[in-house]
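Me: I am new to this structure and would be grateful for a close look at one of its parts, together with an account of how that part sits within the whole.

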Amino acid sequence: MALAQPTPLFTRETIETRVAELARRISSDYAGTGELLLVGVLKGAFIFLADLARRLEVPHRVDFVALSSYGAAGSTQGNLRLIMDLKTPVSGQHVLLVDDIVDNGSTLRFLHGLLAAHGPASVKSCVLVRKAKPRVAEVAPDYVGFEIPDVWVVGYGLDYGDRYRTLPYIAVFEPGQSA
Ligand code: 5GP
Ligand code: MG
């Protein structure tokens, strides 16, 4: 099946520059803190996390969680459920949650709550993209790559029905492109 190519919103070069800036800020903020535990949210954060982590200049480990949200393609509605837990104990760790995008904020709130209950030294979050819209659950991310309007984006880890994740750039997905 041939997929139509969506129009880039952030190019590969723009993303690379921004990810490098985020990594510099995070490295400077955590300098001397000890080891950082990066927690990526599957699947959307896998590419962002890989690029960000390789630019960090502080010692870190990487782990992942996976959530399911009972939503159709293109929807973020539904009840969140943890379907894959961390392997690393969180107690006493400096945790940095890494996710692809904040939409209504429920994912970040859910994960902050979950991690906070396990006695971490600190929990912060880093998202590549944040949508400019009212959020039901405001857990403000500590690091944000890009602000966008309320559109559906794909590429660089972000999907539509599990497709488009490996586009090297971020694009607005127009319904009707899927065919
Ligand atoms: P929230 O819980 O903040 O509403 O939604 C966050 C999750 O919904 C993200 O981790 C992501 O998986 C998904 N999501 C929200 N908006 C978009 C979008 O524009 N594109 C894609 N691909 N996923 C999105
Ligand atoms: Mg996600």
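Predicted model: local features only at pLDDT ≥ 70, side-chain atom pairs only at ≥ 80, totals over all residues.

Reply:

To place the helix in the chain, one may begin with the overall arrangement. The chain contains three helices and nine strands, and their order along the sequence is β-α-β-α-β-β-β-α-β-β-β-β. The chain has 179 residues, of which 45% count as buried. Among contacts with a separation of 6 or more, 65% are between residues 24 or more positions apart. The accessible surface of the chain amounts to about 8800 Å², and carbon and sulfur atoms account for 53% of that surface.

When neighbours within four places in sequence are set aside, F48 is in contact with V19, L22, V98, D99, C126, V127, L128 and Y156. F48 also belongs to the largest nonpolar core, which has 29 residues. Another core, of 16 residues, lies apart from it and includes V65, V102, L108 and V127. V127 is also one of the contacts of F48.

L67 is buried because its relative accessible area is 16%, and the cut-off for a buried residue is under 20%. Not counting residues up to four places away in sequence, L67 touches V41, L42, L80, R81, L82, I83, T107, F110 and L111. L67 and R81 are 14 residues apart along the chain, and their C-alpha atoms are separated by 5.5 Å. S68 lies in strand β3 as well. S68, too, is buried, with a relative accessible area of 16%. With neighbours within four places in sequence left aside, the contacts of S68 are N79, L80, R81 and I83.

The shell around ligand 1 draws its largest share, four residues, from β5. Of the 16 residues around ligand 1, those that come nearest are N104, G105, T107, V153 and D159. In composition, the shell has six nonpolar, five polar and five charged residues.

D99, which is in contact with F48, has a side-chain N or O atom 3.2 Å from an oxygen atom of ligand 1. An oxygen atom of ligand 1 also lies 2.8 Å from a backbone N or O atom of G105. A polar side-chain atom of K131 is 3.0 Å from an oxygen atom of ligand 1. On its own, ligand 1 has 500 Å² of accessible area, of which the protein covers 89%. Two or more residues of the shell come from each of β5 (94–102) and α3 (106–116).

Technical notes:
Residues numbered from 1 in each chain as written. Chains lettered and ligands numbered in written order. Heavy atoms only, no water. Buried < 20%, exposed > 50% of the residue type's maximum accessible area, 1.4 Å probe, protein only. Contact = heavy atoms within 4.5 Å. Areas by Shrake-Rupley, 256 points an atom, 1.4 Å probe, with all protein chains shown as cover. Near = heavy atom within 4 Å. Polar contact = N/O pair within 3.5 Å; in protein donor to acceptor, adjacent residues only side chain to side chain. Nonpolar A, V, L, I, M, F, W, Y, C, P; charged D, E, K, R; others polar. Core = buried A, V, L, I, M, F, W, Y, C linked by side-chain atoms within 4.5 Å.
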